[in-house]
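Here is a short briefing on one chain and its ligand surroundings. Start with the structure itself, then read the points by topic.

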Amino acid sequence: MAVKATRMALLLYNAAMSVETTGSSDTPKQRLQLPALSLAELTQFMKAAGQPAFRAKQVCDWVNKGITDPARMANLPAALQQALNEGLICSPLTLIERQTSTDGTRKYLFGLERGGNIETVLIPEPSRGTVCVSSQLGCVLDCPFCHTGTQRFSGNLSAGEIVAQVLAVKDDLRNDPLPEGLHTDVTHIVYMGMGEPLANEDGVHDSLSLLMGEQGLNISRRRITVSTSGLVPQIMRLGEAAPVNLAISLHAGSDALRDELVPINRKYPLQELRAALDAYPLPAQRHITLEYVMLAGVNDRDADLDALCAFVNPQRERVNLIHFNAWPGSPYTGTSQQHMHRFAGLLINKGLRATVRRSRGDDIMAACGQLKSHLGGQLKSQLEQRAASADSRDSDTTVSGD
Ligand code: SAH
Ligand code: SF4
């Protein structure tokens, strides 16, 4: 409550100051981010800036289209465009680089207004467009197979910075539509980019409210997935506050192996994770996804399959087998296609739902666990290495127990 009151005071102060100080260099330093404002907050901003209330709805409509630069909001008077620029951080992200995969996947490298880089991925399909958002700058959790985990952690993203990733992709899709046959708008969001979403509860919960809000992008909770390595109290709180689809980075069915692959397991072992998953609210016909990256000789043996089967609750959960996406210097080798499909088949024979996830954007290092912000040159040399060692992962297929 106190936080909300401070936020509102700051908003009103900024709006008032932007009117009084327009044209001067006396702009207030602490400014809220436009993509993080609700319609109600924008209405307050307009009031304080001496603007009619209907302007808030106009700005909101632009933002929902992905346009956050006031100069592009054609129906606003110049004075209001300037007041928005003075009073708010309108575009917290700047596009540094965009890469397009042969399968249509787009990877964006954004610079943050406050410093640091993040990556966002668009995964287009014929009937949907999924944006994979980052939630942190790096990750502290150190899963040894994950590229993001090797990056130094330097902070949480704000709700505005998370929502701005989705808005920027929407804008990009309008300016540069996808080839025919691919859905050219954002319909689904997955929190599977850089970072551990549930280690950034403020940013993630607030961004979820904004993305799901009727006056915002109005995306159904059924179309949003939060992926977590298994922070148990935070999973419970997510279930209470915003029960979106849940994906768990499981990767092992025994504590001994999971302690190694997902070190947060030492704090929240499988028994505690089990209780959190059993308590998570699920709509009818929906399942929790258990992600399982397949590492040759590490978690793909018969004993691993037995441990996995013993953990899964087949009524409420399904297993999604993921190809290991190699990165330069990564210490593991991915399981072969053939063995992955055999593993999936065995799970299905045991009565589980199991799928093999199609790898997307692998040629531009946009696949899961490959996200790590690079500068152009480094990225280029890594892409060259990838091209030289290209394997058959692009021709993935899906096996489904559904
Ligand atoms: N921190 C969250 C979300 C980001 S990672 C989490 O761990 O769930 C998104 C997914 O990519 C997770 O399931 C993660 O385990 C998986 N992943 C990480 N590195 C990978 C890699 N090199 N290859 C394939 N999947 C990977
Ligand atoms: Fe962090 Fe997830 Fe990578 Fe683990 S898999 S290091 S939790 S981003």
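Leaving aside neighbours within four places in sequence, Val166 is in contact with Val131, Val133, Val186, Ile189, Leu211 and Leu217. Contact here means that two C-beta atoms, placed from the backbone, lie within 7 Å. This is a predicted model: local features need pLDDT of at least 70, side-chain atom pairs count only at pLDDT 80 or more, and totals for chains, interfaces and linings use all residues. Residues are numbered from 1 along each chain as its sequence is written, while chains are lettered from A and ligands numbered from 1 in the order in which they are written.

**Core**
- Val166 is among the residues with the most contacts inside the largest nonpolar core, along with Val163, Tyr292, Met294 and Leu321.
- That core has 100 residues; a nonpolar core is a set of buried Ala, Val, Leu, Ile, Met, Phe, Trp, Tyr and Cys residues joined through C-beta atoms within 7 Å.
- Helix H5 (residues 159–175) gives the most to this core, with 9 residues.
- Domain 1 (2–19 + 28–87) and domain 2 (93–375) each supply at least three residues to this core; the bounds come from an automatic or database domain assignment.

**Whole chain**
- The chain holds 12 helices and 14 strands. Helices (H or I, at least four residues) and strands (E, at least two) are DSSP runs, numbered from the N terminus.
- Of the 402 residues, 45% are buried. Buried means 20 or more other C-beta atoms within 10 Å of a residue's own, exposed means 12 or fewer, and partly exposed lies in between, with C-beta atoms placed from the backbone.
- Among contacts between residues at least 6 apart in sequence, 68% join residues at least 24 apart.

**Helix H10**
- Asp304, Leu308 and Phe311 are buried in H10 (residues 302–311).
- Seen down the axis, the buried residues of H10 fall within an arc of 60°, so they line one face. The arc is that of the directions from the helix axis to the C-beta atoms.
- These buried residues pack against helix H9 (270–279), strand S12 (288–294) and strand S13 (317–323).
- Asp302, Ala303 and Ala310 are exposed on the face turned away from the buried side of H10.

**Ligand 2**
- The residues around ligand 2 include Cys139, Cys143, Cys146, Asp142 and Glu196; the cut-off is a C-beta atom, placed from the backbone, within 6 Å of the ligand.

**Arg266**
- Arg266 lies in the loop between helix H8 (255–261) and H9.
- Arg266 is exposed, with 11 other C-beta atoms within 10 Å.
- Arg266 and Asp255 are 8.0 Å apart, C-alpha to C-alpha, and 11 residues apart in sequence.
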